[in-house]
Amino acid sequence: MHTDRDRPLQSELLDIRETGMPIDGEPQYSDRRLYLQLHVFEGCHDNRIIIEKLEKGNLNAVLYDDLNHPTGIGVLFIAEDPGTLLTESHSLLVETQVDSGLTYRPEMTMIGRTYSSGREPDLEEWLISKPRNNVLNPEYPWAIWYPLRRKPDFYQLELWERGRILGEHAMLGRSYASGGYASDIRLACFGLDTNDNEFVIGLVGADLYPLSRLIQDMRKTEQTTKYIESLGPFFVGKVRKQFG
C-alpha cells in the first residue's frame, strides 16, 4: 500500500526574473541585467598602453586614477553577459600587464550584478540604462566603490521591518541624488565575491566631498549601526577616461 509519503515531492517552478512595479496591472519582468567588475593595479607609470587596449576592446569601461596610491589605477568593466565580461576583460588585462608591467591587486577586486526590488517604475532603465549612464557620465569624474556584508540577524527580521530599515537608507541616498550631489550604483554579489560579500556599492559625482559625506551620514542609519557585518575595502578614484 502506497501513501502520500511515498510519492516524489513536486518541486515548484521558480521564477527568478527581475520584477518591477506593475504597469496598468501588469507586472514588469526582465531577464536582463548588467555585470560590473572593478580591477585594481599598481605600478602604472604610463597609462597610454592601457588606454590604447581599452579603446580597442569591446566592453564599456572606465579607467580611474587611484586617489590612495600614487601609481594605482582601477579599471571598471560593464557587460550584460558574464561570459563576455570574463573573456574580454581577461584578454585585455593580461595583455596590458605583460606590456606595461602592472601589478594586480586581487584584494581590491569587486564584482556585482544589477538587481530589482519589485518597486521600480521602469525596470529596464533601472537594470541597464541608469547604472551604465551613471558610471559613464562625463560630469561624474569622482567615484567611491566598496563591498559590504550584512549580519545574519538582518535576514531573520520580518519583511516589513527590513523594508523600514532599508527605507531610511534609501531616503538618505535619494536626498543626495535630488540635490545633485551623488548618484549610486547598487549591485548584488551573493556567491560572486571571494570574501562572501553580498553587495557592491558605487557612488559617483562631480565632487569627492559629497560622496564621502554621504557615507558618513549613512553610518548613523539603523542598517549600518546594527546590521552591517563589514564594509570595504574602499576604492576611491577619479576618471582618467571613459569608454562607452
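A pocket is an open set of grid points with protein on both sides within 12 Å along at least five of seven lines, and its lining residues have an atom within 4 Å of a point. This model is predicted. Its largest pocket is lined by 43 residues. A search of the whole structure also finds 17 salt bridges.

**The largest pocket**

- Rolling a probe the size of a water molecule over the atoms shows where empty space is left.
- The largest pocket holds about 1,300 Å³ of space.
- Y115, R119, L166, A170 and R186 are the lining residues that lie nearest its centre.
- Several elements give two or more residues to this lining, among them helix 3 (123-135), strand 8 (142-150), helix 5 (208-218) and strand 11 (228-231).
- Helix 4 gives the largest share of the lining, 10 residues.
- By type, the lining has 22 nonpolar, 10 polar and 11 charged residues.

- Side chains of opposite charge can pair when their charged atoms come close.
- K53 and E95 form a salt bridge through their side chains, at 3.3 Å from N to O.
- The pair links distant parts of the chain, with K53 in helix 1 (residues 48-56) and E95 in helix 2 (residues 82-100), 42 residues apart.
- K53 has a relative accessible area of 19%, so this residue is buried.
- E95 is partly exposed, because its relative accessibility is 38%.

- R164 lies in helix 4 and E222 in helix 6, so the pair links distant parts of the chain, 58 residues apart.
- R164 counts as partly exposed at 41% relative accessibility.
- E222 counts as buried at 17%.
- R164 and E222 belong to a network of salt bridges that also links E161 and K226.
- Both helix 4 and helix 6 are among the elements that give two or more residues to the lining of the largest pocket.

- R213 and D217 pair in a salt bridge through their side chains, at 3.1 Å from N to O.
- Both residues lie in helix 5, four residues apart, which is about one turn of the helix.
- R213 is partly exposed, with 32% relative accessibility.
- D217 is buried, because its relative accessible area of 13% is under 20%.

Key
Residues numbered from 1 in each chain as written. Predicted model: local features only at pLDDT ≥ 70, side-chain atom pairs only at ≥ 80, totals over all residues. Heavy atoms only, no water. 1 Å grid on protein atoms, 1.4 Å probe; cavity = no way out; pocket = protein on both sides within 12 Å on 5 of 7 lines; lining within 4 Å. Points joined across faces, edges and corners; volume = space filled by probe spheres on them. Nonpolar A, V, L, I, M, F, W, Y, C, P; charged D, E, K, R; others polar. Salt bridge = Lys/Arg side-chain N within 4 Å of Asp/Glu carboxyl O. Buried < 20%, exposed > 50% of the residue type's maximum accessible area, 1.4 Å probe, protein only.
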